Amino acid sequence: MNSYQTLAAYYDRFTDDVGYADWADFFERLFAREGMQPKLILDLACGTGSLTKILAERGYEMIGADASPDMLMQAMQNTADCAPRPLFLNQRMEALDLYGTVDVCLCCLDSVNYVTDPQVLQQAFARVHLFLEPKTGLFVFDINTPEKFTRLDGNAYVREDKDVFCVWQAAVEGDLCAYQFDIFTRTGASWSRAQETHEERIYTTEALTDMLHKAGFCEIKTYGSQSFKPVQGGEDRIYFTARKRD
C-alpha cells in the first residue's frame, strides 16, 4: 500500500539528495528544445511539492495533484510563501479531473512505476491526454528501468536524521518491486516504530510507448540520465516526452 501515512512527514528529510533544482533546469532546457514557453504546468504525483515550489518560484502557474492527503499537507506547507500559490488536488492519476487544460504535465521520480496495474496506468495516460492543451500539450515523465530494479533487488538502505531512523529493503518478484519501510521515531526517551510497504511495477520502454500511442499521444521520445542523448541501455532512469495528438 503506497500510503505515505508515516513517511510523508519525513520524506523531504530523506530525499534531500534528489536535486530538484537540477530537475527543474532539465525541464526548462526540454521546454526550449521543444519550442515551448509553457504558462500552466501540472505536477502529477507531486508528493511534498518540492518541484512544484521551484517551478512556481520561476514564474510558472502550477497545479499539483497527488493521491496521498498526507503528502499534499506537506506540499501546502512547503509552498505557503509562493505567490501565487499552487493549486493542490487530492486525485489519483487515473481519476485526474482538472478545470481546464494545461500546457505541460510532469510526472517525476518514477511515479509511473508506482501505478502497478497496467490497465490503471492506461487510464491515467488517457486522463493526462484529455487535459493537455490541444496540438501543443506536452507530457513528460520518467521511469526506473528494469536494470535499476535488478540492482536494487535484495539490497537494504538506511537513512537517519534527528529523532528519526528509517531502514528499507527492496525485493523484486516477477514484474513487481516491493519496498518494506521501517520508520523509528523518538519522543523523549522512547522510540516508536511504523511500517509501510510500497510497490512499483517494472515497465519496459516498449510497453509504455505502446500505451502512450493507445492513449492518443504522438511524437514519443526517450532520453537517458537528464540528457538529450538516446537511450543506450543500462541507465537507471529513462525520460519520456509525448505530444498530444490533434
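This briefing describes the sheet, the helices packed on it, the nonpolar cores, the cysteines and a few single residues of one structure.

The model is predicted, so that local features need pLDDT of at least 70 and side-chain atom pairs count only at pLDDT 80 or more, while totals for chains, interfaces and linings use all residues. Residues are numbered from 1 along each chain as its sequence is written, and side-chain values use heavy atoms, with hydrogens and water left out. Helices (H or I, at least four residues) and strands (E, at least two) are DSSP runs numbered from the N terminus.

**The sheet**

- Seven strands form an open sheet with mixed pairing, in the order β3-β2-β1-β4-β5-β11-β10, where two strands pair if DSSP finds at least two bridges between them.
- The edge strands, each of which pairs on one side only, are β3 (87–90) and β10 (217–224).
- From one strand to the next the twist averages 20°; for such angles, axes are lines fitted to C-alpha atoms, for helices over the stretch in contact, and the angles run from 0 to 180 degrees between N-to-C directions.
- Strands β4 (residues 104–107) and β5 (residues 138–144) run parallel and are joined by four bridges, and C107 stands opposite F141 in β5.

**Helices packed on the sheet**

- Helix α2 (residues 20–33) packs on the sheet and touches β1 (40–44), β4, β5, β10 and β11 (237–244), with a direction at about 40° to that of β11; contact here means heavy atoms within 4.5 Å.
- Helix α3 (residues 50–57) also packs on the sheet, where it touches β1, β2 (61–66), β3 and β4, and its direction makes about 170° with that of β2.
- Because six of its eight residues are buried, α3 is largely enclosed by the rest of the structure; buried means under 20% relative accessible area, exposed over 50%, and partly exposed in between (1.4 Å probe, protein chains only).
- The cover over the buried residues of α3 includes α1, α2, β1, β2, β3 and β4, and the helix is followed by G59, whose phi is positive, near 105°.

**Nonpolar cores**

- A nonpolar core is a set of buried Ala, Val, Leu, Ile, Met, Phe, Trp, Tyr and Cys residues joined through side-chain atoms within 4.5 Å.
- The largest such core has 42 residues, of which F27, L51, L106 and Y179 touch the most other members, and its largest share, seven residues, comes from α2.
- Not counting residues up to four places away in sequence, L106 touches F27, I41, L42, D43, L44, L51, L55 and V140.
- Another core, of 31 residues, lies apart from the largest one and has I63, V102, V115 and L132 among its members.

**Cysteines**

- A search of the whole structure finds zero disulfides, a disulfide being a pair of cysteine sulfur atoms within 2.5 Å.
- The sulfur of C108 is 6.8 Å from the closest cysteine sulfur, in C107, which is too far for a bond.
- C218 is in no disulfide either, and the nearest cysteine sulfur, that of C105, is 16 Å away.

- R237 is in strand β11 and counts as buried, at 15% relative accessibility.
- The side chain of R237 makes polar contacts with the side chains of D110, at 3.1 Å, and D142, at 2.6 Å; a polar contact is a pair of N or O atoms within 3.5 Å, and within protein one must be able to donate a hydrogen and the other to accept it, with residues adjacent in sequence counting only if both atoms are side-chain atoms.
- Q77 lies in helix α4 (residues 69–78) and is exposed, with a relative accessible area of 52%.
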